[in-house]
Amino acid sequence: MPLDVVEKGLTAVAPVIILLLVLDRLDIFNLITLRTIGLLVCVGGGVAALSYLANWSFLEGFPIARTAHSRYVAPAIEESLKALPVIYLFATNRVGFKLDSAIAGFAVGAGFSVVENAWYLYLLANSDYAGWLVRGFGTAIMHGGATALFAAASHEMTERQAEGNAAHYRFNALLFLPGLAAAYALHSAFNHFTDHPALAMALTLVLAPLSLFIVFARSERPTHIWIRTDYAVHQLMLEEIRGGHFAETETGKALKAIAGRFHGAAADEVFAYFELKLTLVLRAEEIMLAIQDGKEAELSPQDRDMVDQLGQVERRLGAGVLTAIAPRLGFSRNDLWELERFKAKARRA
């Protein structure tokens, strides 16, 4: 392969990958592993292939000028497809903070830009080097930034859902429309600068990373308050359970009545399950608070044993009992997300 093609390829791909790694280093909680980021990059690459087919089909099927398509139609197709894997992460409760939401979105956009630029390099290997500077430091960063913007806005819109009872969660596609509109506007605006590519590149290179860093900085304090508040509430709940009076509370009576409807489900084991799950959620919040305060936060063998024990109790109770008692336990989607991150860390350890 000619050396100049290698240089063009690196110019087109390296900037967005380097920025993605920088964003990952800002994640002090290590919420998204490099393996997951790599998977999202690959998903973004697959989305780029689908977008190419969709754009080609649209141009073949409708009488529209390429300039108008580039400015108005392509951004709608591409941002909608890039949004789908991010929406999946939200729907399945795999992102919790704005930070990991934005990193996930940027990873999808980065993968999209890598495949798109690789395809253009294949088609236009002999084109001027300046064009690859624009694609690498402009178009690629725009793709990552637009999807990260979509993810951050979607987190803002779905935050109230995440704080509510997880058992009552209902997916609402309308909550993702504002973020999609913002991503579309950014992408479309960038494509309006085809006559001034250097200006588009400069603005994108400055504004996209700056916007992401501002989002991260502004989300740090609310995140700390959220974890601290949840931690205090869960502490009180655990003290109530361990005080010996939980069975007489409204929640305790409801759990006992539900357990009575299932053959072989003892109320004591349901109570023990609630206590164990609450203890693990507390530990997860305790570790996140310690990390945010710059302290050492290592999992102990007892933490790993409790994670294993929780799995054993869940298998004994069965899916039917767990589904029936979930609304009464009152865990939010945030709580369950914290717990899943803690369990994943325990498994890795």
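This is a chat about a predicted model.

Biologist: What should I know before I read off residues?
Modeller: This is a predicted model, so local features need pLDDT of at least 70 and side-chain atom pairs count only at pLDDT 80 or more, while totals for chains, interfaces and linings use all residues. Residues are numbered from 1 along each chain as its sequence is written, and side-chain values use heavy atoms, with hydrogens and water left out.

Biologist: How many residues has the largest nonpolar core?
Modeller: The largest nonpolar core has 77 residues. A nonpolar core is a set of buried Ala, Val, Leu, Ile, Met, Phe, Trp, Tyr and Cys residues joined through side-chain atoms within 4.5 Å. Buried means under 20% relative accessible area, exposed over 50%, and partly exposed in between, with a 1.4 Å probe and protein chains only.

Biologist: Which helix gives the most to this core?
Modeller: Helix 9, residues 267-292, with 16 residues. Helices are DSSP runs of H or I with at least four residues, numbered from the N terminus.

Biologist: And what does leucine 255 touch?
Modeller: Leu255 is among the residues with the most contacts inside the core. Leaving out residues up to four places away in sequence, Leu255 touches Phe246, Val270, Phe271, Phe274, Ile325, Arg328 and Leu329. Contact means heavy atoms within 4.5 Å.

Biologist: New topic. Which residues of helix 6 are buried?
Modeller: Gly179, Ala183, His187, Ser188, Phe190 and Asn191 are buried in helix 6. Seen down the helix axis, the buried residues fall within an arc of 160°, so they line one face of helix 6. The arc is taken from the directions from the helix axis to the C-beta atoms.

Biologist: What covers them?
Modeller: The cover includes helix 3 (66-91), helix 5 (129-163) and helix 7 (197-242).

Biologist: Is glutamate 338 buried or exposed?
Modeller: Glu338, in helix 11 (residues 333-348), is buried yet has no salt bridge. A salt bridge is a side-chain nitrogen of Lys or Arg within 4 Å of a carboxyl oxygen of Asp or Glu.

Biologist: Where is the nearest side chain of opposite charge?
Modeller: That is arginine 341, 10 Å away. Lys and Arg count as positive and Asp and Glu as negative; His and the chain ends are not counted.

Biologist: Why does histidine 263 count as exposed?
Modeller: Because its relative accessibility is 86%. Histidine 263 lies in the loop between helix 8 (250-260) and helix 9.

Definitions and conventions. Helices (H or I, at least four residues) and strands (E, at least two) are DSSP runs, numbered from the N terminus.
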